[in-house]
Structures are given as C-alpha cells and as structure tokens.
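Biologist: I am new to this structure. Please take me through one part closely, and then show me what lies around it.

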Number of protein chains: 2
Amino acid sequence: MSQFFWPLFSQNVKNLNKHAVLDLIRFTPGGISRAELALRMELSRAAMTAIVNDLLENDVVRETESRNGQSGRPPIILEINSKRGYVVGIDMGASHLTVALADFSAQVLDEVEIPFDITQGPEPCLAQAEALLFELIEKNDLSLDRIQAIGLGVPGPIVSEPGIVLAPPIMPGWDGYPIRQALERKWGRPISLNNDAELGVLGEWAYGAGRGESDLAFIKVGSGIGAGLLLNGQIYHGATGSAGEIGHLTIDENGPLCDCGNAGCLEALAGGKAIARQAREAVMKGQRTLLSNMGPVEELSARDVAAAARRGDLVSQQIIARAGTYLGIAIAGLINIFNPRMVIVGGGVSQIGDLLLQPIRDIVHRRSLPAAAQTVKINTAVLRRRSSSMGAVVRALSIALHQVAEQKEAK
Amino acid sequence: MSQFFWPLFSQNVKNLNKHAVLDLIRFTPGGISRAELALRMELSRAAMTAIVNDLLENDVVRETESRNGQSGRPPIILEINSKRGYVVGIDMGASHLTVALADFSAQVLDEVEIPFDITQGPEPCLAQAEALLFELIEKNDLSLDRIQAIGLGVPGPIVSEPGIVLAPPIMPGWDGYPIRQALERKWGRPISLNNDAELGVLGEWAYGAGRGESDLAFIKVGSGIGAGLLLNGQIYHGATGSAGEIGHLTIDENGPLCDCGNAGCLEALAGGKAIARQAREAVMKGQRTLLSNMGPVEELSARDVAAAARRGDLVSQQIIARAGTYLGIAIAGLINIFNPRMVIVGGGVSQIGDLLLQPIRDIVHRRSLPAAAQTVKINTAVLRRRSSSMGAVVRALSIALHQVAEQKEAK
DNA sequence: ATTGTTTGTCAAGTCTTCTAACAATGTATC
DNA sequence: GATACATTGTTAGAAGACTTGACAAACAAT
C-alpha cells in the first residue's frame with residue numbers, strides 16, 4: 001500500500017501513479033527496477049515502462065548500471081537524478097537554527113548551525129534564517145533560483161493552509177504571523193512550513209531509525225518537548241495542528257510552574273530547560289557534584305549535565321534518570337493511546353543516550369498494556385540532531401520532485 | 001476528499017470511483033443527486049451518469065422523487081435501495097449482548113439485548129450470540145442466507161487479518177481464538193470483526209454526534225473503559241490493534257489494583273465496576289445515602305448510582321463526579337496528544353449525562369493546551385447504548401453494499 | 001550452442017473519464 | 001400562457017491509462 005506523499009497538492013491527481021512511482025523510487029535505498037516497481041505497485045510491466053519513460057524524459061529519474069541478479073536479464077536500476085536540482089531544509093529550534101543544503105537525492109551537501117533565540121519574534125528570526133540561507137548558497141557557488149523548494153520547521157503548532165503558527169507556547173510574538181506567505185514573497189520559492197517534531201518523525205522515517213514503519217512516534221526532547229506522529233503511514237497533526245503536544249501533559253499537579261501557565265507539565269519536569277534548572281539548584285544547594293566546576297552557575301546547560309553524567313557524576317545521573325522517568329510516564333500513556341510500532345527519542349537532550357532511555361523503557365514496561373509494550377521498540381534517533389532538518393529536506397523534495405515531474409515537455 | 005471505506009478489500013481497485021460514489025450516497029443523509037455527486041467528487045456529470053447507471057443496474061441504489069430546488073431542472077435524488085438486502089450488527093460487551101437487524105439503508109428493523117458474561121469464554125458466548133441471531137432472524141420472517149454480512153464488536157484489541165483478539169484484559173480465554181474464522185465457517189456469511197470502541201466511533205461518525213468530523217475520539221465508559229479513534233477520516237487501531245486502550249492509563253500510582261495487574265488504572269477508578277464498588281463501600285461504611293434502599297448491597301450497579309444521583313443523592317453524585325474527574329484527566333491527555341475536533345463520551349455509564357460530563361469539561365479546560373481545548377467539543381453519544389451496534393451495522397454494510405456493487409450482470 | 005529465466009518493450013483492445021453539445025424539466029418574467 | 005433562464009441529466013466522440021499477450025534483450029546454467 002503506497003500512500004506516500006503525493007497528496008500535498010492534490011489537485012491534478014490525474015497521473016496519480018506517476019507520483020506514487022516517483023515516491024517509491026525516492027524512498028527505496030539503492031534504487032529499484034521497473035519490474036520490481038510494477039510488482040510493488042501491482043501494475044503491469046508495460047504500464048511501468050510508460051510511467052518511467054515519462055519520468056526519464058523529465059530528467060527527475062535516471063538509470064544506473066544494471067545489477068547482476070541470480071539469473072535472467074539483469075534489471076536496470078532507477079534512482080532519483082541527484083543533479084537535477086537542489087533544496088534547502090531549515091530547522092528553527094528554540095535555541096538553535098540549522099540550515100541544510102541537499103541535492104535531489106537528499107544528500108546533504110553542506111550545513112550551517114548557529115545558536116539562536118526564537119523569542120526574538122518573527123522578523124529578526126526570519127532575517128537570521130535568510131542570512132544563513134544566503135551564506136550557505138554562496139559558499140556552494142549556487143544562487144537562490146537553483147533552489148527548487150525550501151522546507152521550514154518551527155517549534156509550534158502549524159495551521160498549514162494559511163501557513164501560520166497558532167498560539168505557540170514557546171514562540172511569543174509569532175502567533176498568526178504569516179510565515180509562509182512572507183517567505184514565499186521574499187524568496188520567490190515554494191515553502192513547506194511544518195512543526196519541528198513532525199519533521200523529526202518524517203526524517204527518521206525516511207532516512208533514520210523508523211525506515212518503512214507505518215506507525216511511529218518521534219519524541220523531540222530539546223529545550224521543550226514535543227512529539228511527531230506518523231499514523232497509517234501519514235503524518236497526523238490533528239484538527240488544529242497541535243497533535244503531539246505532549247510537553248504540556250500534566251504529570252504532577254504539584255510540580256513546578258510551566259511557561260504555559262499550568263503546573264507540573266512534562267516540559268517543566270524533563271525538558272532541557274528543566275534539566276538545566278535542576279543542575280543550577282543542585283550547585284546552589286552546595287551538593288557535591290562536577291557541575292560546580294563547569295563554569296558560571298547561571299550558564300549551566302542540559303549539555304553540561306549530560307557531560308558530567310557521562311563522567312560518572314551521581315547528581316547529574318540522578319537528574320537525568322528523573323527526567324527519563326517523567327518522560328517514561330508520558331510515553332507510556334502515548335503508547336497506550338496510539339500503540340505505535342516504534343518510539344524514537346530525538347532532540348538535543350536525547351543524545352545523552354541509554355542513561356535517559358533506560359528509565360523510559362522501565363516505566364513503559366511497567367505501565368503500558370503488555371500487548372502494546374511488548375511490540376514497541378524504543379530507540380534513539382539515528383539522525384541525531386539532524387532529524388528535523390532532514391525532515392525539512394524531505395518536505396522540500398516532496399514539492400520539488402513532484403513539481404518537476406509534472407512539467408510537460410520539459411526538455 | 002473522499003477517503004471513505006472502500007479499501008476494505010483493496011484488491012480490484014479498478015472502479016475505485018464507483019465505490020467512492022456508493023459511500024458518498026450512503027453517508028449523505030436525505031440522498032444526493034448525480035450533479036452534486038459530480039461536484040463533490042470532482043468528476044464530470046457525464047462520468048457520474050455512467051457510474052450511477054452501473055449502481056442502478058445492480059439495484060444497490062434507487063432513484064426517489066425529484067426535489068424542487070430553486071430554479072432549473074430539479075435533481076433526481078439517489079439513495080441506497082434499502083430493500084435490496086439485510087445485515088446484522090452484534091455488540092458484545094462485558095456484561096451485555098446486543099444483536100441488531102438492519103436493512104441496506106442502515107435502518108434498524110429489530111433489536112434484541114440480553115445480559116451477558118464475556119468471561120465465560122468464546123464457545124458459550126458465541127453460542128449465545130448465535131441463538132440470539134437466529135431468534136431475531138426468525139422473528140422477522142427471514143433466513144440466514146438473506147443476511148448479506150455480519151458485523152461483530154468485542155471489547156478487546158483485534159488483529160484484523162487473522163480475525164482474533166490479542167491478550168484482551170477483560171476477555172479471559174479468548175486470546176488467539178479464531179473468532180472470525182469460526183463464525184464464517186458456521187454461518188457461511190462474511191464477518192467483520194472489530195473492537196467495540198472502534199465501532200462506537202464509527203457509529204457516531206456515521207449516524208450520531210460526530211457526523212462528518214474527520215478527527216474524532218469516542219470514549220466508551222462501560223464496565224471497562226476504551227477509546228475508539230477516527231483520525232484523518234480513518235479508523236486508527238495502531239500497530240497491533242490496541243490503540244485507544246485508555247482504560248489502562250495509570251492515573252494514580254497508589255490507586256486500587258486493576259484486573260490488568262497494574263495499580264491505579266483509569267478503569268479501576270472510573271469504570272462501571274469501580275463505580276459499583278464505591279457504591280457498595282459507601283453503603284457498608286454506613287454513609288447516609290439512597291443507595292442503602294436499592295436492594296441487596298452486593299448487587300448495586302453503576303446504573304443504581306446514576307439513578308440515585310439523579311434523585312439528588314449526594315454520595316452518588318460525589319462518586320460520579322470523582323469518576324468524571326479521573327476520566328477528565330485521561331481525556332485531557334488524549335486531547336493534548338491527539339487534538340481531535342470532538343470527543344464523544346458513550347457507553348452505559350455515559351448516560352448519566354451532565355453530572356459526568358461537567359467535571360470532564362472542567363478538567364480538560366484546566367489541563368489541556370488552550371489551542372486544543374478551545375476547539376474541542378465534548379458531548380454525549382447521540383446513539384446512546386447503540387453506538388457500537390450501529391458501528392457493527394456500518395461495517396457489515398461496508399462489506400455487503402460493495403460486494404453487491406461489484407457483481408457483474410447482476411440482473 | 002542451447003535452454004531457461006527474467007527484464008523491458010510493442011501493439012491492440014478495454015475501460016474510464018473528459019469535452020461539448022443537446023435534451024429534459026423546472027422557475028421567473030412579461 | 002408564452003418565453004427566457006437555469007440546472008440536471010444524457011449522448012457521442014476522443015483522449016489517456018492500463019491490461020493482455022507476444023516478443024526481443026540480456027544474462028546464467030547446462
């Protein structure tokens with residue numbers, strides 16, 4: 001069942017199969033032959049010849065060497081023509097900004113990342129993104145018109161049709177700002193605007209830990225906490241775009257206050273900010289910990305806690321284990337509700353590794369229904385900090401490839 | 001976007017549009033004309049004429065009187081030919097068994113319900129269902145071969161392909177029993193086996209409170225508690241069929257033991273059994289309550305508590321309010337994760353009404369993200385205790401109608 | 001060299017849908 | 001009541017996508 005990505009612009013659904021074939025080619029690692037395409041799509045080889053010729057004419061797809069199989073005529077392997085064009089994926093986090101340049105086969109050619117503050121509001125933030133984008137383009141001897149499409153991820157709930165964020169808890173000043181419209185007007189390129197956690201699940205599904213899974217949750221643990229959901233092979237983002245906002249699940253009604261106004265939200269207990277806060281508190285309380293020797297107390301970050309924990313610091317390990325426990329409670333609930341086949345923990349904090357993952361696994365096995373808990377795999381993101389930016393690249397390519405494939409008489 | 005029900009048997013997806021049209025007709029109340037069908041499906045009127053003629057030849061669809069519109073030729077309204085055949089929907093609860101007979105337009109012609117105990121295991125339970133089925137058929141001067149398909153709902157996670165339940169918490173003895181195979185062999189009719197909460201959301205979506213919504217949660221509060229999820233217009237049941245099992249979310253780690261082995265599950269705090277238990281405890285503790293006068297203490301049920309609460313009994317009202325609060329906690333989490341447009345509370349206990357609904361609404365508005373909480377509507381099931389059996393009828397019709405529509409040269 | 005196997009292509013026919021014109025059947029207007 | 005107008009439904013011809021069945025191409029095994 002190939003319900004990939006084409007229904008992005010669902011008008012002109014005439015040659016549906018052409019686009020399904022295109023998606024099957026792009027998401028099959030190592031390429032695929034006409035015969036196998038025909039098999040997988042349940043079409044005749046003759047029909048596949050016609051469809052593939054169409055794609056070859058448009059130069060989106062190219063033939064590579066034949067691969068020697070077991071016996072019989074060796075198949076001609078098809079793959080995306082990587083040189084046909086370029087796309088850019090932008091990942092705006094709360095505290096970092098990443099811009100990645102990729103070719104049509106999703107190979108990242110270059111990448112820039114800078115520290116960042118999303119609370120500055122839309123105009124300065126988008127200006128920074130623009131600066132970084134142009135820097136990247138020029139460094140690689142390209143120009144904006146060679147970029148076929150751009151994917152942008154932001155940490156808030158998206159209303160996709162108008163291209164805005166709606167009441168984002170950690171993006172003050174952005175509510176209702178016409179992000180997509182502004183960028184399309186400025187840059188003159190098609191933009192795909194998405195939630196960063198959604199992009200994370202997309203990236204990991206396409207090129208990471210969740211390859212080929214159709215029911216997948218991606219937990220992004222950074223400064224804040226959010227989840228991206230892939231259900232039935234489709235990204236799910238709910239009625240108003242705020243599905244997966246697990247950061248504001250109430251875990252402990254008597255817990256610390258959260259930025260969203262409620263008390264005891266997961267984010268306030270286990271997010272990067274919360275971890276940093278606990279580290280500062282530990283130092284100020286005078287506990288014996290390596291954290292005391294890691295620079296000024298006010299600048300202690302989750303990254304420092306991770307480093308100290310890895311070096312055997314008990315206090316840091318406790319902080320992380322506690323965060324893992326709270327995460328586990330939320331993930332156990334998510335598993336009971338959604339029953340995914342895999343949960344991928346990503347985002348900056350996740351790079352701590354097993355120290356964070358183990359308490360999650362423990363709690364999940366203790367709290368979730370056996371039927372669901374036994375089948376679910378809980379892993380760290382393979383793409384590490386790149387999950388979301390790769391997801392942005394995937395979205396950009398979804399636009400670029402299908403747009404190019406639509407062109408009539410391209411040559 | 002019409003992603004209705006056809007991909008049930010997805011082979012032979014040649015005349016996809018025919019089946020999409022059929023579904024559009026069956027789920028449009030009051031019927032629909034060729035012209036509007038063409039509009040909604042983005043097909044030409046000419047194509048629609050051909051498709052509809054096909055359906056008319058097979059006698060699945062019939063023309064009714066023309067409806068006088070504003071001006072121009074009045075449209076000919078099409079509707080499902082209700083007399084073309086019959087289906088049966090069976091709803092097996094933990095403590096009740098309902099069998100409903102419906103015609104092709106989903107009108108329920110007759111219905112039988114008996115008290116029931118699902119813990120008896122598959123053979124006796126299915127025998128009871130069979131007895132009730134035959135009783136219903138004979139009472140209505142029909143025979144089994146006039147029934148085109150049968151939908152069956154059970155309160156456990158379904159693996160649909162082999163037609164079994166997997167490790168169901170409240171169905172001891174049923175694990176792995178080949179339910180669908182056994183019934184298809186016995187009755188010789190196609191069977192659709194589904195989870196009861198899934199059927200609930202289906203029923204309410206088709207003919208109840210959630211008509212036309214594409215993101216919908218149905219919370220079934222009976223002896224146990226489960227949720228059915230409709231996401232992106234499709235039923236979602238997860239990797240292993242146990243999506244929506246919110247009954248075993250841990251709400252209070254120090255709470256009472258649950259049948260599933262864990263402590264403080266929602267079901268053990270707010271399910272029908274839990275409500276009955278709290279009623280018994282109140283009476284035994286000697287509290288002043290109407291519950292003392294409602295028969296033997298051991299037989300007090302959730303229904304009695306509801307009745308007493310409605311008559312102003314404070315103790316009963318407190319029990320119900322507390323159950324509503326626990327439910328609200330779970331539903332608030334579900335709303336944060338899944339951001340539906342509507343949550344429908346159904347099942348036996350839900351008929352208590354606002355006494356239960358109000359605490360749910362309060363907690364949700366307190367705990368959920370404002371963006372999600374403001375858009376979500378929380379209502380009681382319109383079909384009352386019939387949500388699931390109507391869902392079973394819908395499934396049966398999905399098989400029956402499309403099967404009949406496939407027949408070539410039916411006349 | 002021959003046989004067998006699998007891939008890719010070609011030609012003819014089928015099926016679905018579209019366009020464009022037209023017939024049918026009502027309301028609104030004079 | 002006759003006429004104009006609007007909307008629905010049908011018909012005919014053409015375009016496009018896919019299928020079947022035959023066949024050529026390119027390799028491995030014998």
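Modeller: Start with the lining of the largest cavity. In this predicted model, chain A gives A:Leu231, A:Asn232, A:Gln234 and A:Tyr236 to that lining. Chain B gives B:Leu231, B:Asn232 and B:Gln234. By type, the lining holds three nonpolar residues and four polar ones. No charged residue is part of the lining. The space inside is about 30 Å³. How many cavities of 30 Å³ or more are there? The count comes to one.

Now place this on the chain. Chain A is assigned three domains. Domain 1 covers 16-80. Domain 2 is written in two pieces, 85-202 and 388-406. Domain 3 covers 212-381. The centres of domain 1 and domain 3 of chain A, taken over C-alpha atoms, are 42 Å apart.

A salt bridge comes next. The side chains of A:Glu213 and A:Lys377 meet in one, at 4.0 Å from N to O. A:Glu213 sits in the loop between α6 (196-207) and β11 (216-221) of chain A, while A:Lys377 belongs to strand β15 (residues 377-380) of chain A, so the pair ties together parts that are 164 residues apart in sequence. Over all chains, the structure holds 32 salt bridges. In general, side chains of opposite charge can pair when their charged atoms come close.

Of the atoms of DNA strand C that come within 4 Å of the protein, 63% belong to sugar and phosphate. A polar side-chain atom of A:Arg34 lies 3.2 Å from one phosphate oxygen of DNA strand C. A polar backbone atom of A:Ile76 is 2.6 Å from a phosphate oxygen of DNA strand C. Another contact goes to a base. There, a polar backbone atom of A:Arg73 is 2.8 Å from a base oxygen of DNA strand C.

Which elements each supply at least two residues of the surface near DNA strand C? They are α2 (34-41) and α3 (45-57) of chain A, with α3 (45-57) of chain B. The residues of this surface near DNA strand C divide into nine nonpolar, nine polar and five charged.

Sugar and phosphate make up 65% of the atoms of DNA strand D that come within 4 Å of the protein. A polar backbone atom of B:Ala35 is 2.7 Å from a phosphate oxygen of DNA strand D. For B:Ile76, a backbone N or O atom lies 2.6 Å from a phosphate oxygen of DNA strand D. For B:Arg73, a backbone N or O atom lies 2.8 Å from a base oxygen of DNA strand D. Two or more residues of the surface near DNA strand D come from each of α3 of chain A, α2 (34-41) of chain B and α3 of chain B. That surface near DNA strand D has nine nonpolar, eight polar and five charged residues.

Notes: Residues are numbered from 1 along each chain as its sequence is written. Chains are lettered from A and ligands numbered from 1 in the order in which they are written. This is a predicted model: local features need pLDDT of at least 70, side-chain atom pairs count only at pLDDT 80 or more; totals for chains, interfaces and linings use all residues. Side-chain values use heavy atoms; hydrogens and water are left out. On a 1 Å grid over the protein atoms alone, a cavity is a set of points where a 1.4 Å probe fits but cannot get out, and a pocket is an open set with protein on both sides within 12 Å along at least five of seven lines; lining residues have an atom within 4 Å of a point. Grid points are joined across faces, edges and corners, and a volume is the space filled by probe spheres set on the points. Ala, Val, Leu, Ile, Met, Phe, Trp, Tyr, Cys and Pro count as nonpolar, Asp, Glu, Lys and Arg as charged, and the others, Gly among them, as polar. Domain bounds come from an automatic or database domain assignment. A residue is near a molecule or strand if one of its heavy atoms lies within 4 Å of it. A polar contact is a pair of N or O atoms within 3.5 Å; within protein, one must be able to donate a hydrogen and the other to accept it, and residues adjacent in sequence count only if both atoms are side-chain atoms. Helices (H or I, at least four residues) and strands (E, at least two) are DSSP runs, numbered from the N terminus.
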